[in-house]
Structures are given as C-alpha cells and as structure tokens.
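Visitor: Could you walk me through this one slowly? I'm still new to reading structures.
Guide: Of course, let us look at it together.

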Amino acid sequence: MNSCVGVLALQGAFAAHCESLASIGIKTIEVRTPEQLANVDALLMPGGESSTMSQLLESSGLFDPIAARIANGMPTFGTCAGMILLSSEILDGRSDQRSFNAIDVSVRRNAFGRQVDSFESDIDTRVGQFHGVFIRAPRIERVGPEVEVLGRLGDEPVLVQQGKVMAASFHPELSHDVRLHEYFVSLMPTAGKV
Amino acid sequence: MSSTNSSSVGTLRVKRGLAEMLKGGVIMDVVTPEQARVAEDAGACAVMALERVPADIRRDGGVARMSDPEMIEAIKASVRIPVMAKARIGHFVEAQILESLGVDFVDESEVLTPADEKHHIDKFAFTVPFVCGATNLGEALRRVSEGACMIRSKGEAGTGNIVEAVRHLRSIFGDIRKITQADASELFDWAKNLQAPLPLVQEIAETGKFPVPIFCAGGIATPADAALAMQLGAEAVFVGSGIFKSDDPAPRAKAIVEATTHFRDPQILAKVSRGLGAPMTGIGMDEINEAQKFASRGW
C-alpha cells in the first residue's frame, strides 16, 4: 500500500504544504476529522493561528486520536503554529491552550514580533543552507536533552527533532525548496512514493 | 528581534505569507477589546479593529474614516491573534499611521469613505501587507498590481445579505476558469477586457490560480453563508456585522469558525447551525439604491 501524508487542514497554510508534498510525488489527504486521520501514515501540522487550531482540535474530536498516533510513533512535522502545538510548553499562549507535548521544547508564541517584524533569512540546517521564512514566528527558548537541533538562525535553534517528531519555527512550504519535506517523508517506515 | 546580516523584512513573500497563514479561518470585525476577546475565544484567526461595524456605518451615514489609534492599540493589547485595521481607499497617510501602530494587515476598504477618486494606495511602499476588495477579476488584478497581498470579495458590507459576495466570487473564479482554457493570443484580449496587466493574466493561465489568496467578505451572517463562500472557492472569510449584530454573538462566532473549517461536510454544518438564535436582520438589495452601495467604490 502506498503511504500517505495527512496535512492538518483545520486552519492555516495547509494548501501550500500539500503542494510541496505533491511536487515530490507524495500522496496527501487534508485532515479535518478522526476518520481522515485514520487513513494517514504521517501528519504535517501547518502554520496558522495556534489558538484557532487548538479549539478546532477539540471541537473536531481530533486532539486525543492525534496524541495517540504520535505516541505510537507516527512521523509528525509541525511548522510555526504546528510547532507550538507539538511543544511541551507554550509561553505567552492562551491559558486554555493545550499542546501535544510531543517534543521537549519551550516555545514562545509570536516572540519574533508582529507582522511588520516578519522576515526571511538564510539558516544553517541538516540539509544544508535553507532559506527560512519567519512569519510572526515563535521562538524556541528551551531545548530538552532528548531533542536534536537540526537548524539554527545564527545561534538560535529554529529546526528540531525528537524521535519521529520534527518542528520548525519557519515555513519551508513558502520557500519553493522541498528538502525538508523530503527529510520528513524519509521518517516514514515505508518511505513511499505513489 | 534577532536578525542576521542576510535577513529582510517586508518582502512580498513575507507579506503574502501571512495571508497564507489566515487561510481556512474567520476574520471578525470587532469594535471593543471585549469583542476582540470573544472573537479570539471563538477561534477567530484574526480580528479587524474598527470603530463601527459596516451596518452602523451604513445607518449613520456621513464620512467614515480610519479608527482612533487608541482603540486599535487597546484591541491589539487584548488578543494574541493578528489585528487588522481599515484605511480609506487612496488614503496612504492613514495606512502609514496604521503601519506605525504595528497592525498586522491593512484593509484598504470601500466600507470607509474613499479619500481618492482615482488612485489606490501604492502598497509596495509598505512593510505591512494589504488586503483590498474586488467585485471582479480585473479589479482584483489591478489591486495585485498595486501590491495587495490578499483579495477579498466586496460583497455588500453591513447588509447581512450574501448575494453580492456570491456574485463577486462567481465572477472572479468563473473568469479564472475561463482563462486557464484560453490560448496565448486570447490572453491579450482577456487583459484588455479586464483592464488588467497582461503578465498577471498570463500567470493565471500558467498556474491555474490567482496570484494571492482570495477571501470572502460582505454579507456573511450564518455558518451556511461561510460554507457557501468556501465551496465557491474563497479560502477564508471575513465576518463584519454578522456576528456582533446577532442575538448571541459568541456561539454564532464559534459556529461560523467550525463551518469554515468543515465547509464540505453538511452533517457538521447542520450540527453547528442549531440553536444559534436570530441572525442579524439583513437588508434586501432592492432596499438600497446605487448611491448607498459600498461595492461600487474602487477603481
């Protein structure tokens, strides 16, 4: 069976991620319900507004099934708001905001500033130099001992991995560069092309 | 903020990027910090800070201008989600002020009284991204050629009537579909008829899609309205008067958020549409004359 990457499509930049994955021959499903989640082998959580996604994760009944899948080793990649959702601690978030505690980092929401401070910059990553697009971006303020830093902006970690879970504070889907999507797909057991 | 030598702000990619982040979401008009918190609690992906919702602007008449910076700052301080604010068409100084306040998006809006009868704002001159309204594809492309990073339908704001937004979305997406079928020589004719730059028309023909995200605004009052806009091709929705002019704003706001996400799922739409109380009353298009229509503002 061909493997398939789900892209969480509750709110945010899911369409751009689907295009990036399609361009490297990966089958994608937009995930809005638990039934759709059941059909995917990996999950990408896009940027968007983390507080909006948190609410929709609850109302759609997706929070607990996703948490269970991650605990069972499903490869998962969160970008920007998606990173906030995967983190073990959210700083400056809403008090009722839950996260999956899937990667041991503390992240501060919008720590790089408002939209007028949003920027693009080259960063050094495991896959080589990468052009990072940072939009109202969160900052990784603490990295746990089990977490590997895969990319830095200057000295600062912006791309991290723990087991099968990856997180980025920037937007690889906006750079027309699929190397990080390819790296993520390689975490799937049967790294499958359609 | 941290910056490295190669870092740059305010690029087209960064500006269009925020529009990308707002997809699938609901942007709600709010006039107080309390309403902004209700909107954020309900799952809004952004708020539009303004002094009066369009229904009240329509009722009051007179000249409608940019909101008081003090109220915009109060709303900014009350939520974590992006805050947008409106400048008058062509009023680049209002836009400069909004940018200096650090709003996340400027709406060059026909809901306010136009300041220039011929020129829109040169939006490339700004670090902050702009959204502009459009009734058809030519107008939408002219706004992109001026630097707009997001287009929304105009609809007829403050009426609670979706019919105009449907007309605008059908016109925009219908013409996009036709252009993707046109041959190279027909594209010249399309550009001429749309009064739009040829390279942007050619880009649509090549990519099959509009250069920036297209959202729906104007007349959304119910979860079903939001889902209709999404099924017609809009990538997110603005709700102006529809929430805080209804009987019970908080549950309606939440229901519209869920309907925008699950826009193709009638069972979920039925579930979230239940027991919301009365929507805003609304106005039929035959009850307002041409001079009262906001949508005809913009050139």
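Visitor: Is B:D104 buried or exposed?
Guide: In this predicted model, B:D104 has a relative accessible area of 0%, which means that B:D104 counts as buried, since the cut-off for that word is under 20%.

Visitor: Which side chain does B:D104 meet in a salt bridge?
Guide: The partner is A:R114, and the N to O distance in that salt bridge is 2.7 Å. B:D104 sits in the loop between α5 (92-101) and β5 (105-109) of chain B, while A:R114 sits in the loop between β6 and β7 of chain A, so this pair joins two chains.

Visitor: How many salt bridges does the structure hold?
Guide: Over all chains, the structure holds 39 salt bridges. One of them is between A:E49 and A:R109, whose closest N and O atoms are 3.0 Å apart. That pair links distant parts of the chain, with A:E49 in the loop between β3 (42-45) and α3 (50-59) of chain A and A:R109 in the loop between β6 (103-108) and β7 (119-125) of chain A, 60 residues apart.

Visitor: And A:E49 and A:R109, buried or exposed?
Guide: A:E49 has a relative accessibility of 5% and so counts as buried, and A:R109, with a relative accessible area of 2%, is buried as well.

Visitor: Over in chain B, what does B:R52 pair with?
Guide: The side chain of B:R52 meets that of B:D60 in a salt bridge, at 3.1 Å from N to O. B:R52 is partly exposed at 25% relative accessible area, and B:D60 is partly exposed too, at 39%. Both residues belong to a network of salt bridges that also includes B:D56, B:R59 and B:K245.

Visitor: Switching topic, what is chain A built from?
Guide: Chain A has six helices and 12 strands, and its C-alpha trace spans about 40 × 40 × 35 Å along the principal axes. A compact globule of 194 residues would have a radius of gyration near 16 Å, so the 15 Å of chain A agrees with that expectation.

Visitor: How much of chain A is buried?
Guide: Buried residues make up 63% of its 194 residues. The accessible surface of chain A comes to about 6,600 Å², and 46% of that area belongs to carbon and sulfur atoms.

Note on methods. Residues numbered from 1 in each chain as written. Chains lettered and ligands numbered in written order. Predicted model: local features only at pLDDT ≥ 70, side-chain atom pairs only at ≥ 80, totals over all residues. Heavy atoms only, no water. Salt bridge = Lys/Arg side-chain N within 4 Å of Asp/Glu carboxyl O. Helix = DSSP H or I, 4+ residues; strand = E, 2+ residues; numbered from the N terminus. Buried < 20%, exposed > 50% of the residue type's maximum accessible area, 1.4 Å probe, protein only. Rg over C-alpha atoms; globule rule 2.2 N^0.38 Å. Areas by Shrake-Rupley, 256 points an atom, 1.4 Å probe, with all protein chains shown as cover.
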